[in-house]
Structure formats: C-alpha cells, structure tokens
Amino acid sequence: MCGIVGVLGFGDKKEELIGSLKLLEYRGYDSSGIAVIKDGRLFLAKKKGKIKAMERLVAKTDLHSLVGIGHTRWATHGQPSDVNAHPHIDCKGNFAVVHNGIIENYLDLKEELVRKGHKFRSQTDTEVIAHLVEEYYDGDLFSTLKRVLEGLKGSFAVCLISVKEPNKIVGARKSSPLVVGLTDDKVIFASDITPILRFTKQVVFLEDGDIVEARDGGYIRIENHGIERSFETCEVEWDISQARRCGHPHFMLKEIHEQPSIVKKLLSLHMKEDRVVFPELQGLDVQKIRKIYMVGCGTAYHAGLVGKYIIERVAKVGVEIDVASEWRYRDLVLEPDSVCVAISQSGETADTLAAVERFRKEGIKVVAVCNVVGSSLTRMADAVILTHAGLEISVASTKAYLAQLVIMYLLGFYLAQNRGIDVSNLMNRFVDIPSAINEVIERKAELQALARKHHNFGSFLYLGRNLDYPTALEGALKLKEISYIPAEGYPAGEMKHGPIALIDEYRAVICIATDSPLYEKMYSNIEEIKARRGKIIVLATLGNQEIGKEFNDVVFLPKIDEIFSPILNIVPLQLFAYYVAVIRGCDVDQPRNLAKSVTVE
Ligand code: G6P
C-alpha cells in the first residue's frame, strides 16, 4: 500500500509528481505529499486527504526543477494527518524520503536516534530513515542509503533526495515494489508502471535487494548485495489511455464494460483450433500433476475457489485452496507431484508472496496467474500466465477477476486435455460467453432500478450452491467494499445452520438460481426465505417462468452452459453493487480504508 514516485530530469515537478501520484492513488489515499529541490533548497508540501487537497497547497508555486519525489499514503504507523504524510525529512531538512512498506524495528531505531539528539516530527516508521541518513551521511547518498538499509528490518521501497546532491535520486526495494522508467533525459521511479507510462514504455523492473542511483542525464546504476549488476529495459504493452475513464462516470463501470473483450482476447490467445494452449507451462510436467495448491487474497481467492470446482470437475485433479494469509502460517502437508497456483491481480500482495515463498522453499513449483507483468509474483514464479485485463484502477476488482476466472477454466481444460479427457464441446461453448456478458451489461438499467429499490437495506445475504457459491462470496464482497453495507456470502446448503436465523423482512437475500443440476435445491432454499419474509432478489435463467411468476425482483440471464455460470453470474452482481454505491453517494473507485494493492501484512 502507499504509492511512491520520483522524477529526475528538468521539468515541472508539480505536474510530473502530482500527475503521477494521481495514477497511484488507488494504492492509498488518506494523505499525500511531494518534496522538490529548487534553487538549492528543499520544498515540501504535505496534506491529509486526497491528492487534490495537497495539489491546492502548491497551486501557485513554480516547481520547475531537476528532482522531486512524491507519496500517496495508506496509513500503517500514525493516523492520517499532515505531519504523518510523506515525504519525511531529517532534523535540518537536508534529506527527504518517501517509503512504501513497514520498518519493523523502527521503535528501537527511533529510540537510539532520539538518544543521539534527533528530533522527530511524526509518528511514522518512515521518519527513522531520514534521520538515519542524516546520521550516517558520508558525502555520497548511494553509499549512505546502503548503510542505512543494512539496519532496517521489514519491507520497503524508498526514494531519497538531498539538497547536498541535488542532481540525484537514490532508491531501493526489498519486498515492496519499485519500477524505474527511462527516457532520453529523465529517470522515473514509481511503485508500479502506471505513472511511468506518462513518460515512457521503457522500464526496468527492480529485483529484491536492488539499490539504484539515478543521476542527471539519464544515468543509472544498480547494485544488489554490494555487486553492481547489469539490467535490461523492457517495453511494456499497457497504454496510458487505460488510465482514463473514457466517458464513464467511474473506473469501476468502465472496467465492467471491458469484460467481454478481455474474455475474447484470452480465448483467442489460449484456444487454438480444438486445443487449449499454454506455452507458458512448457517447463512443467503437466501430465504428472496430481495436486494443486491454490493461493490468493480477496477477489483473487474467490477466483481460485471457482478454479477448484472447475479443475476438479473437468480435469479430475484435486485442488486445495486457502487464503494466502492462512497458507503462509499453516503446517504444510504436501503431496508429491503437486504445484502451487498463485493468483493475484497486482502480483504484489504481501501475504500471497509470503505463501508462495513457503511453497518454493518446500520445492513446489509455482505458477503465477497475474495481471501485472514484471511484478514480484511474476519474478518469483516458475511459470507465469498473464491475465491480460489491462490496467485496473478501481479498487474493487471486476475485470481482473473475470480474467482470472477465464484462466481458471482454460487451465482446467488444459489439464483435462493432458489427461486425455475430451473438452472440445465445452471449448465450443466458451466462445458464446463474451456476447452473453455483453447482453447483461446492456441491461444495466434493470440493475440500476433494482439498486434504487434496495439501496436502503441494512444488510444483505448472498446465497449460491456449488459453482455459484464463490459467486455469492464475490458478489457480497463487491457490495460491502464499495457501499459499506454488511453483506455475507454463504453456501445455500449451510443456510439452516445459522444464517436462516437472520432472515426477516429487513434482510435482503440475493439468491443465485440460474439453471444447474442443483436448481431444485436452491429453489427450496428460496421458498424457505420467502416463508420467513426475507426480501428476495433472484438471479435466474431466461425462460424460467416458475421464478418469474412467483418473485418480483428477478434478474434474468442469458442461457449458457451451466459450467460457465460463475463468469456470467458475477456481472449483474458487480453492476448491482456499483449502482447501490453510487445511489448511496459512496466513493466507488476509492472506498474508505481499502487499498488496491496490499503490500503489507
Ligand atoms: C485488495 C484489493 C482486492 C484484491 C486483493 C488481492 O484487497 O482491494 O481487490 O482482490 O487485494 O489483491 P491481488 O492484487 O493479489 O489480486
């Protein structure tokens, strides 16, 4: 969480830094700040609130200069406030630092520094870095930072500037992301590639342990564990236009609209004639895989849950799944011939990376299913399947989830194929899914009307069985994330073991009852809710007259093969959550307390 940037090269630092921070705002948005060296002095602006608040502070200041750094914060140590916002400086204001991550031993370090006479202004862990740099400064920022980092425990990505060396930015990463962009006359540091795309598509993905010095004129040098290393620039395929709303009121709605084309793209990449192809998996002995350990957090975990149902159903390969924050501390009882499949939009989620590290230590190969090329997860994994959803800006994930689902299906089909199971029929029906999603999106006004009718309910229960159970979880997650209404997803079969006690006329219950072999059982559950006066919304398949006659609030979805229902059924639930949040006046793209990329435990 938190986003950091640094720009070296003459230009309007106000525009360069603030414009870049806005693209990182999804990583944290409780306060922000910039530090610029101008005319040999350090200029600092920090403000609680969204970046716009800080932007107003500097509106009238000319900040054309050579170096500057910036930060958008998601508070860990010290509540959101002007003083706790980054950048942080040393006692004399010679050094400024921005940091993403957590310095675990900051209290000990701070105590020591205070004993030596350093004066702290904030409650943050980060400020110790500025004072340590002041303490150890040896006339060279690079070697000083190296020395400082040796004493830090925890995770960090940092950028440091100084009035003593006003033509430099030094940066470093350990367990938190940092990417460097290179143009002819500028070096840009950022937590991810998004802001860099404003300047260039040429990036260097830093390795864990890298320390970087960038000097005026586009010169950079990278050291890892004391050894200078060569590096390569990669050209990234994302486009900065993806960071615009393109006429949509929110990124979330735009991203929901992008889903059909993403599904199409993934199918065309991985379905060739009547085979599913994954050249990415060539290094694995796929036929031998007997067990998959699935890892993810939040929405990515839900995608993995769908993956479990699909892979077990079509390929008959056992899948064990848990959230990464549990995997990382569980006693692993591992079976031979197993692989770990780690799912993550950002590829930077701390728990997911830690869980993956454990599997690697046990000698288990890791397949990353990830949206961000060059991210930490893709660099740790033995094989990488990209989800190609493009830049996702809304904190609540939609298109990245759908892309993860598609990969789960394709993986299931691929494993089945490798075991001699014929999946060509299913593959043929997969190609109908993008247009079915489109149909649902085109009927968004119905979901909007439904949201208008239900936005005042105090809580929601989402129920589904089998393949629809993960959809119930994900639908509930979307609603609570962006509208702050308590919402719970449950397997419908468990209803009688607790949730039924909650049902009365004040409880809205979303029942996923599209065509499936378990439809009759789901229908009985719906009747049970009705008998207890719960307010029912049903997702059903077009042509289901029984439901249509009995219930007023039914969302009819196009008829598709039942196995694909998780891909289609989540779309109306995304739209419903979106409209409820809009009607309630919530900040849809940047919900309170959340961050898109959870880079601390
Ligand atoms: C955060 C985001 C979620 C996301 C989860 C996992 O909670 O708000 O949208 O699903 O992290 O993130 P990842 O990048 O690993 O998929």
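Thr144 touches Val133, Tyr136, Tyr137 and Asp138, when residues up to four places away in sequence are not counted and when contact is taken to mean heavy atoms within 4.5 Å. The model is a predicted one, in which local features need pLDDT of at least 70 and side-chain atom pairs count only at pLDDT 80 or more, whereas totals for chains, interfaces and linings use all residues. Residues are numbered from 1 along each chain as its sequence is written, and side-chain values use heavy atoms, with hydrogens and water left out.

Thr144 is found in helix α5 (residues 141-150), where helices (H or I, at least four residues) and strands (E, at least two) are DSSP runs numbered from the N terminus. Thr144 counts as buried because its relative accessibility is 1%; the term buried stands for under 20% relative accessible area, exposed for over 50%, and partly exposed for values in between, with a 1.4 Å probe and protein chains only. Phe359, which lies in helix α11 (residues 350-361), is likewise buried, with a relative accessible area of 0%. With residues up to four places away in sequence again left out, Phe359 touches Tyr293, Val295, Trp327, Leu332, Leu334, Cys340 and Ile364. One of these contacts, Leu332, is 27 residues from Phe359 in sequence, and the two C-alpha atoms are 8.5 Å apart in space. Ala445, by contrast, has its place in helix α16 (residues 444-454) and counts as exposed because its relative accessibility is 52%.

Helix α18 (residues 519-531) has 13 residues and reaches 18 Å from its first C-alpha to its last, close to the 18 Å expected at 1.5 Å a residue; the expected span is 1.5 Å times one less than the number of residues. The buried residues of α18 are Tyr519, Met522, Tyr523, Asn525, Ile526, Glu528 and Ile529. An α-helix has 3.6 residues a turn, so residues three or four places apart point the same way. The cover over the buried residues of α18 includes β23 (459-464), β25 (507-513), β26 (535-541) and α19 (545-550). Just after α18, Arg533 takes a positive phi of about 65°.

An open sheet is formed by seven strands in the order β5-β6-β7-β8-β12-β13-β14, with antiparallel pairing, two strands being paired if DSSP finds at least two bridges between them. Its edge strands are β5 (88-89) and β14 (227-229), each of which pairs on one side only. Within this sheet, strand β6 (residues 95-103) is joined to β7 by nine bridges in the antiparallel sense, and Ile102 has Ser155 in β7 as its bridge partner. On to strand β8 (residues 168-174), β7 makes four bridges, again antiparallel, with Arg173 in β8 as the partner of Ala157, and a hairpin of five linking residues joins β7 to β8.

Strand β7 (residues 154-162) is mostly covered, since nine of its nine residues are buried. In a regular strand the side chains alternate between the two faces of the sheet. Gly154, Phe156, Val158, Leu160 and Ser162 are buried on one side of β7, and Ser155, Ala157, Cys159 and Ile161 are buried on the other. Further along the sheet, β12 (residues 210-215) and β13 (residues 219-224) pair in the antiparallel sense over six bridges, and Ala214 has Ile220 in β13 as its bridge partner.

Another antiparallel pair consists of strand β2 (residues 31-38) and strand β3 (residues 41-48), which are joined by eight bridges, with Ala35 standing opposite Leu44 in β3. These two strands form a hairpin with two residues between them, and Asp39 in the turn has a positive phi of about 50°.

Around the ligand there are 13 residues, of which Thr299, Ser344, Gln345, Ser346 and Thr349 come nearest; a residue is near a molecule or strand if one of its heavy atoms lies within 4 Å of it. The largest share of this shell, three residues, comes from helix α9 (residues 298-315). Polar contacts are pairs of N or O atoms within 3.5 Å; within protein, one atom must be able to donate a hydrogen and the other to accept it, and residues adjacent in sequence count only if both atoms are side-chain atoms. An oxygen atom of the ligand is 2.6 Å from an N or O atom in the side chain of Ser346. A polar backbone atom of Val395 is 3.3 Å from an oxygen atom of the ligand, and a backbone N or O atom of Ala595 lies 3.2 Å from a ligand oxygen atom. Taken alone, the ligand exposes 380 Å², of which the protein buries 91%; accessible areas come from the Shrake-Rupley method with a 1.4 Å probe, and for residues only the protein chains shown count as cover.
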